[in-house]
Amino acid sequence: MKLKHIYLTAQEPEALAGFYEALGLTIRFADGAKWIQFAGEKAAFCIAGPGESASEGARNAVVVFEVDDLELMLDRASALGAEIFGEMRDMGAHGRVACLKDPQNNTIQLFQASNKQGG
């Protein structure tokens with residue numbers, strides 16, 4: 001199964017796009033406050049403005065990003081206005097995961113595979 005698109009909704013899509021750019025993602029396409037599309041090797045998703053149609057299910061989606069250094073990315077996200085909640089969860093041989101809310105209250109998870117953990 002291949003993930004094709006994830007849509008996040010935001011009252012201020014351009015401000016939210018700045019958050020994801022600062023975390024290291026690249027904008028592929030932007031149409032003002034309507035749609036902003038990101039693309040990268042491991043993730044492709046869009047941010048929809050408040051006037052754009054998006055299903056209620058999309059509003060409740062959780063986006064998972066794989067990262068090389070979980071602590072570094074949590075620190076970076078927190079400094080950029082994300083709210084980290086819960087404990088970092090160790091998933092044994094699979095890796096570790098942490099949850100946070102981006103600056104416009106979308107839930108995202110950061111995942112670090114066990115083969116990328118130091119020690």
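Predicted model: local features only at pLDDT ≥ 70, side-chain atom pairs only at ≥ 80, totals over all residues.
How many residues sit between β2 and β3 in their hairpin, and which residue in the turn has a positive phi?

Residues are numbered from 1 along each chain as its sequence is written, and side-chain values use heavy atoms, with hydrogens and water left out. When I say helix or strand, I mean DSSP runs numbered from the N terminus: H or I of at least four residues for helices, E of at least two for strands.

Okay, back to the hairpin. There are three residues between β2 and β3, and G32 in the turn has the positive phi, about 55°. Strand β2, residues 26-31, pairs with β3 in the antiparallel sense over five bridges; for two strands to count as paired, DSSP has to find at least two bridges between them. One of those contacts to look for is D31, whose bridge partner in β3 is W35. Also, β3 is mostly covered, with four of its five residues buried. Buried here means under 20% relative accessible area, exposed means over 50%, and partly exposed is in between, using a 1.4 Å probe and protein chains only.

Now go back along the chain to α1. Its buried residues are P13, L16, A17, F19 and Y20. Looking down the axis of α1, those residues fall within an arc of 155°, so they line one face of the helix. That arc is taken from the directions from the helix axis to the C-beta atoms. Just after α1, G24 takes a positive phi of about 115°.

Next, the aromatics. Rings of Phe, Tyr and Trp (its six-membered ring) pair if their centres lie within 6.5 Å; planes under 30 degrees apart are stacked, over 60 edge-to-face, and the rest tilted. That rule gives three aromatic pairs. F19 and Y20 make an edge-to-face one, 5.0 Å centre to centre with 85° between the planes. Y20 also pairs edge-to-face with F38, at 6.2 Å and 65°. Put together, ring pairs link F19, Y20, F38 and F65 into a cluster.

F19 and Y20 come up again in the core. A nonpolar core is a set of buried Ala, Val, Leu, Ile, Met, Phe, Trp, Tyr and Cys residues joined through side-chain atoms within 4.5 Å. The largest one has 24 residues, and those with the most contacts inside it are F19, Y20, F45, I47 and L110. At least two residues each come from α1, β3, β4 (44-48), β5 (63-66), α3 (70-79), β7 and β8. Take L110: among the residues it touches, leaving out those up to four places away in sequence, are F65, L70, M73 and A98. Contact means heavy atoms within 4.5 Å.

On to the sheet. It is an open one of four strands, in the order β5-β8-β7-β6, with mixed pairing. β5 and β6 (83-90) are the edge strands, each pairing on one side only. β6 and β7 run antiparallel, joined by five bridges, and E83 stands opposite K101 in β7. Their hairpin has four residues between the strands, and G92 in the turn has a positive phi of about 60°. β7 and β8 are antiparallel too, over seven bridges, with A98 opposite L110 in β8. As for cover, six of the seven residues of β7 are buried.

And what lies across those strands? α3 lies across β6, β7 and β8, at about 5° to β7; axes are lines fitted to C-alpha atoms, for helices over the stretch in contact, with angles from 0 to 180 degrees between N-to-C directions. In α3, L70, M73, L74 and A77 are buried. They fall within an arc of 100° seen down the axis of α3, so they line one face of the helix. The face turned away carries exposed D75 and A79.

One last stop: N105, in the loop between β7 (95-101) and β8 (107-113). N105 has a phi near 75°, positive in a residue other than glycine. Most residues other than glycine have a negative phi. N105 is exposed, with a relative accessible area of 52%.
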